[in-house]
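Biologist: I would like to learn how to read side-chain features in a structure like this one. Could we go through them one at a time?

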Amino acid sequence: MKNKPTKSQANGSKSKVKKGAAEHTSLSKKLRDKIDGETSKEGPSYSSAGAHRKTGPGSILHYIYRSTLGQSLHSQMRQNGAGDFIGGMKFCPTDFSRVYAASGEGKLTLHSFEGHTPTLLSRTQDCSHDHHNVCFWYCCVDVSVSRQMLVTGDNMGELLLLGLDGKKIFSSKLHKAKVTHAEFNSRCDWLLATASVDHTVKLWDLRNIKDKKSFLYEMPHEKAVNSAYFNPLDASKLLTTDQHDQIRVYSSSDWSKPQHIIQHPHRQFQHLTPIKATWHPLYDLIVAGRYPDDRICTGDQRSIDVFDSNSGELVFQMYDSTASGIKSINKFSPMGDVIASGMGVTLLIWDHDESLVSGRHKPIEETSADWVRGQRRGQRRGQQRSGRDRRGPTGDAKLKKKLASLEETETKTKTGCTKQKQTQKRKL
C-alpha cells in the first residue's frame, strides 16, 4: 500500500495534472474557452457575468455567443457601439477587423472588432437637446483607398472630406437639408454621389469641388432621397431610393435623366429603418423590401422584391408568412447567392439551390416557387405572385406612363471609366 501524499505533494501533483491537461487541451476546447472568456494564453481573460468586471470591450463575436446562452449583455454591448444611433457604417477596405461609423452623437469613429480603443476622426459642433440650440450629427460615411479619403455628411446638409487620419480636407454646405448618403465611385474615384432629404441627388468632381453650385449633375426627385448606390460591377449605374414609392436607375450614358423609374411602395415613417434598394454584386439586379401601400396596390404582402435594372421589371419575390414584418434592410452576399434581410430584431437569411441568373431572367410567372428557401427556425417557403398582380392596374399604368416619357430618348448604357470621363468633359 502506497504512502498517503503530503499536502504539498498533493498540490504539486495537482499542478502537474493541470499542466498536463492544459498542454493536451483539444483545439475545440481552446476555441470554446476563448469564446466563453475563460483564461487562456490565446486571448484576454473573461468570465461569466458577475464574476469579474471586464476592463475593456471584447470581440463582438464573444458577446453574440454569450447572448445565445441567454445572458443579458445590453450594457456590455453598448461599449462596442457609438453611444447613439448609427447613421452609417463602412468596413475598412484594407482591414476588415475595423469599421468606420458615423453616429447620432456627432462623431465619426474608427472601431475595432479586436477590442482596441476606438479612434475619433471627427466631431460635429457640440449642442444640447433643447429648443435654443441646433444639433448636428453625421448621417453617412464612405472611404476611398485610392484617394486616401473619407466622406461624411450631416443632418444640416454639410459635406465633409477627411484624410484617413481624420485631417480635414474640405467642408461645405452642399445640400439644403440632411445628407442621407455619400459614396465614392469605385472606378472613377474623383466622382462622388450624394443624396439628400432636399429631394436631390448630386454628382461631384472631387478635383473641382468648390461650393454647392459646382456639381456635375443634379438629379431632382419628387420626394426626399434615402440613398444613391453605384453598381459594384463597373460603377456605370446609380441606384436611388426615395422615401415614398420610387426606385430610380441612372446610367453613365446620360446622368441627367433616369434610365428607369420603378414604382415600388416603401414609404418612410419615423420608427422604421429607412428602406434602401441595393445591388447584386455581379449582375444588374436590385433588391428592396416592400412596405405595402393600399393607395398603390391593395392586398399587397411585405415581400422582398428583386428587379432587373436593365428592364425595370420585377423578376423575383420572396415572402415568409412566419416573418411578416417589413424587411427594411436587404443585402446580397459577396457571391450573390444569398440575401440577408433585417426585420426589427430578426435576421432572415435567404438562399437558393440554383444560380440566381441561370440562363436568361425568367418572368416571375414562370419562376419556380422553390427558387428560394428562408433559413430561420422552422421550414420556410418562398411565395411569389405575378408582377402584374403585384403592381395592380393603377400602379402599372403610372409606371408605363413614366417609362413612356423616357422611351424616345433612352440609349444603351455605356460602361467604364473612359466613357464617364468623356461624358463629364462634354458636360463641363
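Predicted model: local features only at pLDDT ≥ 70, side-chain atom pairs only at ≥ 80, totals over all residues.

Biologist: Is Thr194 buried or exposed?

Modeller: Thr194 has a relative accessibility of 1%, so it counts as buried.

Biologist: Which side chains make polar contacts with Thr194?

Modeller: There is a polar contact of 2.7 Å between the side chains of Thr194 and His175, and another of 2.9 Å between those of Thr194 and Trp204. Leaving aside residues up to four places away in sequence, Thr194 touches Leu159, His175, His181, Ala182, Thr200, Val201, Lys202 and Trp204.

Biologist: Let us turn to nonpolar residues. What is the general idea there?

Modeller: In soluble globular proteins, nonpolar side chains tend to be buried together. Here, the largest nonpolar core has 17 residues, and Leu191, Val201, Leu203, Met219, Phe230, Leu238 and Trp255 have the most contacts inside it.

Biologist: Which elements give two or more residues to this core?

Modeller: They are strand 10 (191–196), strand 11 (200–205), strand 12 (217–220) and strand 13. Another core, of 14 residues, lies apart from it and includes Leu161, Val179, Leu206 and Ile209.

Biologist: And how should I read aromatic pairs?

Modeller: A pair of aromatic rings is described by the distance of the centres and the angle of the planes. Searching the whole structure gives five aromatic pairs. One of them is Phe230 with Trp255, an edge-to-face pair with 6.2 Å from centre to centre and 80 degrees between the planes.

Biologist: Why does the pair of Phe230 and Trp255 tie together parts that are 25 residues apart in sequence?

Modeller: Because Phe230 belongs to strand 13 (residues 225–230) and Trp255 to strand 16 (residues 254–263). Both Phe230 and Trp255 are buried.

Biologist: What about Phe269 and Tyr291?

Modeller: Their ring centres are 6.4 Å apart and their planes are at 50 degrees, so this pair is tilted. Phe269 is in the loop between strand 16 and strand 17 (278–279), while Tyr291 is in the loop between strand 18 (285–289) and strand 19 (304–308), so the pair ties together parts 22 residues apart in sequence. Phe269, at 39% relative accessibility, counts as partly exposed, whereas Tyr291, at 13%, counts as buried.

Biologist: Which residue lies over the face of Tyr291?

Modeller: Arg267 does, at 3.8 Å from the ring centre. Likewise, the charged end of Arg207 sits over the ring of Trp190, 4.2 Å from its centre. As for rings with rings, Phe91, Phe96 and Phe113 are linked into a cluster by ring pairs.

Biologist: Now for a strand: how do I read its two faces?

Modeller: In a regular strand the side chains alternate between the two faces of the sheet. In strand 21 (residues 329–332), Asn330 and Phe332 make up the covered face, and Ile329 and Lys331 the uncovered one.

Biologist: How many bridges join strand 21 to strand 22?

Modeller: Four, and strand 21 and strand 22 (residues 338–343) run antiparallel. Ile329 has Gly342 in strand 22 as its bridge partner. The two strands form a hairpin with five residues between them, and Gly336 in the turn has a positive phi of about 80 degrees.

Biologist: Finally, what does the protein chain look like as a whole?

Modeller: It has six helices and 24 strands, and 45% of its 428 residues count as buried. Among contacts with a separation of 6 or more, 45% are between residues 24 or more positions apart.

Technical notes:
Residues numbered from 1 in each chain as written. Heavy atoms only, no water. Phe/Tyr/Trp six-rings, centres within 6.5 Å; stacked < 30°, edge-to-face > 60°. Buried < 20%, exposed > 50% of the residue type's maximum accessible area, 1.4 Å probe, protein only. Lys NZ or Arg CZ within 6 Å of the ring centre and 35° of its normal. Pairing = 2+ DSSP bridges. Core = buried A, V, L, I, M, F, W, Y, C linked by side-chain atoms within 4.5 Å. Polar contact = N/O pair within 3.5 Å; in protein donor to acceptor, adjacent residues only side chain to side chain. Contact = heavy atoms within 4.5 Å.
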